[in-house]
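Please look at the sequence and the structure on the screen, and I shall then go through them part by part.

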Amino acid sequence: MTDLEEGSKVEAVDRVIIRFAGDSGDGMQLTGDRFTTASAVHGNDLATFPDYPAEIRAPAGSLAGVSAFQVQISDHDIMTPGDAPEVMVAMNPAALKSDLHLLIPGGTLIVNQDTFEERNLTKAGYDYNPLEEGEDLEGYRTISVPMTSLTKEACKDLGVKPRDAERSKNFFALGLVSWMYSRPTEPTFEWIDERFAGKEQIISANKAAFSAGHVYGESAELGDQRVVVKAAPLASGTYTNINGNTALSWGLIAASQLSDLPLFLGSYPITPASDILHELAKHKAFGVTTFQAEDEIAAVGAALGASYGGHLGITTTSGPGIALKSETMGLAISLELPLVVINIQRGGPSTGLPTKTEAADLLMAMYGRHGESPLPIVAAQTPSECFFAAIEACRIALTHRTPVMLLSDGYLANGSEPWLLPDVDGLEPINVEYATEFNHIREDGEADYWPYLRDEKLVRSMAIPGTPDLMHRIGGIEKEDGSGNISYDPANHSRMVEIRAERIKRIDVPDVEVVGDPDAEVLIVGWGSTWGSITSALGRVRSSGHKVAHVHLTHLNPFPKNLGDVLKGRNHILVPEMNTGQLSLMLRAEYLVDAKPISKVAGQPFTAGELEQTILNYVEEKSTT
Amino acid sequence: MTDVMDSEAVPETSRADWQSDQEVRWCPGCGDYSILTALQLLLPDLGVRREKTVFISGIGCAARFPYYMNTYGMHSIHGRAPAIATGLALARPDLDIWVVGGDGDMLSIGGNHLIHALRRNTNMNILLFNNQIYGLTKGQFSPTSETGKVTKSSPVGLISEPFNPISVALGAEASFVARSHDMDRKHLQEIFTRAHAHPGASFVEVYQNCNVFNDGAFAEITKKDARDDMLINLIHGEPIQFGSERQFGIVQTANGVEIANVSEVGIESLLVHDETRSDPSTAFALSRLAKGPDEPTPVGVFRAAVREEYASAMSDQVMGVTEERGKGELKDLLHSLPTWEV
């Protein structure tokens with residue numbers, strides 16, 4: 001570390017959780033993101049959790065407008081952004097009021113003292129100044145810094161207007177925290193140059209504010225606050241820090257390359273899925289077409305139209321959008337055309353909590369369409385794994401000619417972690433074959449083309465428009481198996497319903513792996529983004545002497561073939577999920593086991609601590625009864 | 001494959017080549033038959049390949065159309081055909097795409113997709129068979145039914161005002177807007193030929209008789225002996241005139257257009273039809289001339305203006321960016337954010 005001065009006494013800690021909280025206009029997401037990148041480049045393992053309001057700008061200084069970014073950095077492998085922060089930056093009274101309860105007892109609190117004046121205090125609901133009176137800050141180590149005035153002071157000779165200078169105060173906070181955690185300054189300066197290229201005053205103001213924060217740490221004798229988190233011994237290779245939506249977008253591009261089919265995204269803006277549309281729109285050089293449609297229905301319709309034309313048709317949305325797309329998914333099931341439907345889940349029902357996480361659309365994915373209309377479901381488990389989940393969803397859709405639901409959620413979408421970049425040459429190609437020849441002989445001896453003739457996996461033949469001689473019509477009306485002609489025959493309909501179910505069952509999905517203590521009585525079954533919290537929690541449960549096994553599902557339909565055996569004979573199956581028990585319901589229905597949900601529907605992910613406690617309570621209660 | 005094919009001459013076809021082996025199942029006497037026949041007879045003359053032709057439809061009587069065409073086709077869901085066709089057209093600009101639907105399909109449940117498809121101007125031919133009634137669901141009023149109409153769902157008379165499909169299309173910035181009717185094959189074929197040739201989204205309203213649930217809705221203007229006086233044929237570059245003696249004409253007024261006696265105003269003061277005008281106001285005024293199909297009604301091409309076609313503009317962007325940056329490499333993409341070595 002170049003900026004650690006010789007001989008200074010800097011304590012090493014194995015990990016730390018920091019939370020940056022401020023007003024929506026204070027740039028907390030950007031501050032947290034910068035600190036994360038600097039930590040990633042330093043070699044820490046990390047996980048992040050942006051936690052922000054739905055309003056773009058709620059009234060300044062209000063509780064509703066508090067935007068926070070939590071990051072855990074560590075010198076070892078971690079799975080979550082941590083439970084309770086040990087360090088919190090509060091840029092205004094509202095941030096203090098709304099987030100202080102999260103800080104661990106004895107934690108360090110850094111506040112922007114300048115904002116603690118009557119107007120802001122009133123807006124936050126204080127009738128006193130907690131920095132001066134009351135007991136709110138008792139038991140915390142409070143560092144009160146006049147960030148706004150120090151930032152203005154640092155910028156005063158730069159010709160920057162005071163109002164603009166004030167806006168750089170988040171860089172003061174970043175500079176101070178960067179000093180406390182011995183983060184290198186260079187990457188941040190380089191980033192400022194790049195991000196604000198052409199805006200010289202902003203560049204100089206941000207750098208001045210950052211340096212002022214750094215210097216403040218040194219000169220205000222905060223030396224005893226200074227710690228270092230060493231690089232984590234991660235597997236060797238090239239890493240990048242990636243969030244779920246970016247990884248997912250890249251996975252879709254990878255699938256397009258692996259299948260040699262152009263990617264077509266039909267989408268309509270919706271939080272928290274829009275970033276996938278933004279990311280893919282940047283990558284036209286990969287032959288990507290992004291179509292922002294007039295509504296969710298047109299978005300999926302256009303994606304299906306592109307699929308029908310032989311492209312990789314994808315649509316992205318969140319829960320409410322899925323409701324609108326469900327009729328088209330039914331059509332895609334009937335047409336047996338490939339389609340990837342991506343649901344970045346958020347709190348519901350209705351508008352619910354657009355910027356907060358939840359995973360309550362599993363049953364909707366599974367059963368939320370009219371008629372008997374099964375489709376495969378894939379769920380991502382960490383931000384970086386969204387890359388592979390996207391490829392898997394495309395692989396199933398293209399090779400089995402079916403719509404596939406890919407589930408992610410707000411926590412994965414915006415959370416980030418270091419990702420050991422995979423060798424792209426090692427990714428398995430996706431072989432897609434379209435029909436080019438007649439495949440059937442009519443009674444009169446003439447050859448013709450039947451679009452619903454199937455292979456051993458019950459995958460139908462598909463000829464795309466433009467293929468000579470194979471002209472045919474498909475539609476949502478029930479069709480005769482084989483010829484594809486309209487059929488109202490009762491026996492045929494029964495048969496088609498069976499085929500549509502069976503062809504999903506015949507999709508090969510990898511077996512689940514039991515981790516932890518495979519023979520333990522207690523089995524935790526997870527799916528989706530709970531993987532990190534469950535894994536961390538079970539590590540702690542095991543270290544306190546209890547045996548517990550864990551399986552995590554990335555394929556929710558069809559279930560892995562060995563899942564039944566894994567569940568069989570276990571009396572204690574716990575299913576943590578961010579809903580009121582949807583996977584546990586499916587497991588109970590499918591395997592007749594007593595799967596018990598551990599629910600959380602608070603718009604926030606599970607903390608490892610609360611899962612640890614719930615599981616410990618269960619294990620201890622079980623052994624006493 | 002497609003490039004090689006295109007350099008070869010388009011094989012000659014006959015009407016029979018464009019007919020599928022499926023039995024046509026419209027009610028006997030339905031106006032849809034004459035539209036189907038008009039198109040099946042026309043397609044051999046358009047110089048197109050069957051395998052490059054796709055019919056996309058929604059739901060309704062008209063939407064059964066694709067099943068009867070020996071081309072590629074998709075019978076999709078109610079109202080969504082323009083959206084599905086847009087995706088196909090963007091993915092496959094080499095295809096010749098026709099969208100067929102009725103007034104309920106396109107102006108009610110699918111109204112949003114229709115207006116945006118027209119606004120974007122993606123290359124496709126949209127045929128709206130307007131019979132002013134819901135046929136497949138057996139006789140409810142539609143968004144083009146006239147006020148006061150008594151139907152199963154409006155037994156005391158329809159309260160709402162109808163849409164004027166030509167006005168809607170013009171309001172949606174459509175670059176090609178035309179009207180024809182099911183009683184005149186030659187006119188239909190002329191209009192379909194023009195729509196097909198137009199680069200962008202073409203909108204054709206076809207007055208179509210539903211002889212079961214709304215028989216004779218257009219008879220006052222489309223029956224043979226009434227046409228001269230009731231149909232105003234719009235011909236580009238010519239004064240707009242009609243009547244058995246061509247005794248009537250259209251003149252522009254401060255508030256739009258109105259019908260005048262040629263003998264009173266003189267032929268030189270008649271409005272000369274200009275379908276290429278970029279401002280759609282005059283075309284819109286023409287679309288408002290008749291309140292319903294019981295007054296003299298303009299038919300023909302209201303507007304055929306040049307606007308950028310969406311699919312080619314989009315593929316230009318893709319090619320432009322690819323040219324500028326080079327073809328994307330997955331490995332580079334994965335290394336595009338800050339990276340570090342462990």
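Predicted model: local features only at pLDDT ≥ 70, side-chain atom pairs only at ≥ 80, totals over all residues.

Let me begin with the domains. Chain A is assigned domain 1 (11–229), domain 2 (240–426) and domain 3 (515–624). Between the C-alpha centres of domain 1 and domain 2 of chain A there are 34 Å. Where these two domains touch, 15 residues of domain 1 of chain A and ten residues of domain 2 of chain A take part. The area buried between domain 1 and domain 2 of chain A is about 1,000 Å², and carbon and sulfur atoms give 53% of it.

How many salt bridges are counted between domain 1 and domain 2 of chain A? The count is one salt bridge. Polar contacts between domain 1 and domain 2 of chain A come to five residue pairs. On the side of domain 1 of chain A that touches domain 2, α1 and β3 (45–51) of chain A each supply at least two residues. The largest share of that side, seven residues, belongs to β3(A). A salt bridge also joins the side chains of A:D51 and A:K356, at 2.5 Å from N to O.

I turn now to the contact between the two chains. Here 69 residues of chain A are in contact with 60 residues of chain B. The two chains, A and B, bury about 5,400 Å² between them, with 66% of it on carbon and sulfur atoms. Which residues of chain A lose the most area to chain B? They are A:E294, A:M471 and A:R473, which together make up 14% of what that side buries.

Residue pairs in polar contact between chain A and chain B number 25. Several elements of chain A give two or more residues to the side that touches chain B, among them α1 (28–42), α9 (244–259), α11 (296–308) and β19 (473–475). The largest share of that side, seven residues, comes from α11(A).

Next, the interior. In general, nonpolar side chains in soluble globular proteins tend to be buried together. The largest nonpolar core in this model has 112 residues, and those with the most contacts inside it are A:V525, A:L583, A:L587 and B:I56. Helix α12 (residues 319–335) of chain A gives the largest share of this core, six residues. Because domain 2 (240–426) and domain 3 (515–624) of chain A both give residues to this core, it lies between them. Apart from this core lies another, of 52 residues, including A:I314, A:A380, A:F387 and A:I507.

To return to A:L587: beyond its neighbours within four places in sequence, A:L587 is in contact with residues that include A:V525, A:F559, A:L563 and A:L592. Is A:L592 buried or exposed? With 78% relative accessibility, A:L592 is exposed. A:L592 sits in the loop between α19 (582–591) and β25 (595–599) of chain A, and its phi is positive, about 50°, although A:L592 is not a glycine.

A:D260 also has a positive phi, near 60°, and is a residue other than glycine. Its loop runs between α9 and β10 of chain A, and A:D260 is exposed, with a relative accessible area of 67%.

A:P272 is in the loop between β10 and α10 of chain A. In helix α10 (residues 274–281) of chain A, the residues A:S274, A:I276, A:L277, A:E279 and A:L280 are buried. Their cover includes α9, β10 (263–267), β11, β12 (312–317) and β13 (339–345) of chain A.

Finally, one residue of chain B. B:H187 belongs to helix α7 (residues 185–197) of chain B, and is buried, with a relative accessible area of 7%. The side chains of B:H187 and B:S180 are joined by a polar contact of 2.7 Å. Leaving aside neighbours within four places in sequence, the residues in contact with B:H187 are B:R179, B:S180, B:N233, B:V299 and B:G300.

Thank you for your attention.

How values were computed: Residues numbered from 1 in each chain as written. Chains lettered and ligands numbered in written order. Heavy atoms only, no water. Core = buried A, V, L, I, M, F, W, Y, C linked by side-chain atoms within 4.5 Å. Buried < 20%, exposed > 50% of the residue type's maximum accessible area, 1.4 Å probe, protein only. Helix = DSSP H or I, 4+ residues; strand = E, 2+ residues; numbered from the N terminus. Domains from an automatic or database assignment. Contact = heavy atoms within 4.5 Å. Buried area = accessible area lost by both parts, 1.4 Å probe. Polar contact = N/O pair within 3.5 Å; in protein donor to acceptor, adjacent residues only side chain to side chain. Salt bridge = Lys/Arg side-chain N within 4 Å of Asp/Glu carboxyl O.
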